[in-house]
Amino acid sequence: MAMNLGISSYCLSKKLYTKEWTLFDIMDWAKAHDCTHMEVVPFGLPILNEDGSGNLELAKQVADHADKIDLKLSAFSLNAHLVFKKEDADHKDELYRKEINRIETIMQVAKTMGCYKFRNDVCSGQQPDGINTPEQFEEDFPTFVKGVQELADYAKTLGLSTTLENHGLYVNGADRVIRILRAANRDNVGLTVDVGNYLCVDEDPVTNVSKAIKYADMIHLKDFYIRDNARMLPQNGMYVQFPDTPTLKQRPYPRTPEEWKTFIPSFGYVGTAAGNKILRGAIIGQGDMDLWKIISIIKHSGYDKEISLEFEGMEDCIAGTYYGLETARYIWDRV
């Protein structure tokens with residue numbers, strides 16, 4: 001069975017931030033490197049107009065270019081939040097409806113692009129108040145199920161399937177995500193199985209991929225270095241704040257293309273839920289995850305749908321993406 005391997009535009013998004021490339025250049029690169037598809041992530045892209053309407057003009061240009069180079073655009077992946085801070089409790093219904101409307105507007109953009117899958121989170125990253133406990137999950141669970149159902153029903157009118165990803169410190173871990181999926185009970189809802197994100201909640205990727213693979217409609221393939229916090233040079237990152245970083249020289253985050261071009265890459269640390277481990281993005285096959293076992297599970301499960309490479313390391317993004325594709329294919333052919 002051939003590997004249905006492509007990339008997420010996220011891999012090369014730094015090229016968008018520096019304005020060295022456009023999304024069309026990323027599409028051309030994917031095609032030139034034998035990707036069977038490409039997943040679109042809106043980072044660095046003007047997906048919405050200033051008035052909040054969908055940028056359908058850009059979407060049509062993307063669709064035309066995909067047709068021109070014969071590249072499938074498989075999925076559109078969107079960060080989204082359907083639960084809110086407790087201080088906003090009096091407005092939660094209004095905020096929920098506003099977010100549903102935003103997601104549905106972007107679904108229209110994705111459909112116009114030619115995507116046929118749409119990933120929307122129900123809570124990207126942490127729970128808004130940082131309460132990532134089982135008790136809080138039980139409280140938010142009905143909202144998650146309601147949101148997945150409502151968005152799936154709208155997606156169906158557009159001919160889209162939807163997926164829920166294990167993402168961040170809250171709606172993560174195979175058990176939680178599968179529970180939402182099964183409760184939603186919609187035939188056009190599956191999982192985006194991110195093989196590395198399970199580490200964010202200190203769970204074993206091999207075990208969790210084994211649990212989730214039968215529900216998968218998309219796979220994100222990545223690798224991480226896994227280290228103890230106490231043994232790493234302090235640098236604040238996602239879900240991690242070191243107490244002694246104020247004593248170190250802090251570099252401002254780049255805001256303009258010129259600043260991006262001269263920015264020394266950050267380590268890109270990701271903290272985990274338990275608070276004692278650090279993750280750093282790696283080139284596929286060079287980190288600490290057992291990619292050979294994970295890819296074997298995927299292949300021998302009979303999964304033949306799309307796999308998207310996600311490179312988020314500090315190395316040059318073109319090199320990291322190129323070697324990730326080559327390594328993933330190398331492992332697939334040998335497991």
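Student: Which residue does Asp-217 form a salt bridge with, and how far apart are the closest N and O atoms?

Tutor: In this predicted model, Asp-217 pairs with Lys-117 in a salt bridge whose closest N and O atoms are 3.2 Å apart. Asp-217 belongs to strand β7 (residues 216-221) and Lys-117 to strand β4 (residues 117-120), so the pair ties together parts that are 100 residues apart in sequence.

Student: Are those two buried or exposed, Asp-217 and Lys-117?

Tutor: Asp-217 has a relative accessibility of 12% and therefore counts as buried, and Lys-117, at 5% relative accessibility, counts as buried too.

Student: OK, and how many salt bridges does a search of the whole structure find?

Tutor: The search of the whole structure gives 20 salt bridges. One of them joins the side chains of Asp-153 and Arg-186, with an N to O distance of 2.8 Å. Asp-153 sits in helix α5 (residues 134-158), whereas Arg-186 is in the loop between α6 (174-184) and β6 (189-194), so this pair ties together parts that are 33 residues apart in sequence.

Student: What about Arg-329, which residue is its salt-bridge partner?

Tutor: Arg-329 forms a salt bridge with Glu-326, and the closest N and O atoms of that pair are 3.4 Å apart. Both residues lie in helix α10 (residues 317-332), where they are 3 residues apart, about one turn of the helix. Glu-326 counts as partly exposed because its relative accessibility is 39%.

Student: Which residues do salt bridges with shared partners join into one network?

Tutor: That network consists of Lys-72, Lys-117, Asp-217, Lys-305 and Glu-306, which are joined by salt bridges that share partners, so the Asp-217 and Lys-117 pair, which links strands β7 and β4, has both of its residues in the network.

Student: Switching to surface charge: which residues form the negative patch?

Tutor: The negative surface patch is made up of Asp-202, Glu-203, Asp-204 and Asp-290. Of these, Asp-290 is placed in the loop between β10 (277-282) and α9 (291-300), and with a relative accessibility of 35% Asp-290 counts as partly exposed.

Student: Now the cysteines. How many disulfides does the count come to?

Tutor: The count comes to 0 disulfides, taking a pair of cysteine sulfur atoms within 2.5 Å as the cut-off. Cys-11 is in no disulfide, since the nearest cysteine sulfur, which belongs to Cys-35, is 8.6 Å away. Cys-11 is also buried, with a relative accessible area of 3%.

Student: Last one, on Ser-77: which strand is it in, and is it buried or exposed?

Tutor: Ser-77 is part of strand β3 (residues 73-78), and Ser-77 is buried, with a relative accessible area of 4%.

Student: How far is the C-alpha atom of Ser-77 from that of Pro-42?

Tutor: The two C-alpha atoms are separated by 7.5 Å, although Ser-77 and Pro-42 are 35 residues apart along the chain.

Terms used. Residues numbered from 1 in each chain as written. Predicted model: local features only at pLDDT ≥ 70, side-chain atom pairs only at ≥ 80, totals over all residues. Heavy atoms only, no water. Patch = residues over 30% accessible without salt bridge, like charges linked within 9 Å, V, L, I, M, F, W, Y side chains within 5 Å. Areas by Shrake-Rupley, 256 points an atom, 1.4 Å probe, with all protein chains shown as cover. Salt bridge = Lys/Arg side-chain N within 4 Å of Asp/Glu carboxyl O. Lys, Arg positive; Asp, Glu negative; His and termini not counted. Charge placed at Lys NZ, Arg CZ, Asp CG, Glu CD. Helix = DSSP H or I, 4+ residues; strand = E, 2+ residues; numbered from the N terminus. Buried < 20%, exposed > 50% of the residue type's maximum accessible area, 1.4 Å probe, protein only.
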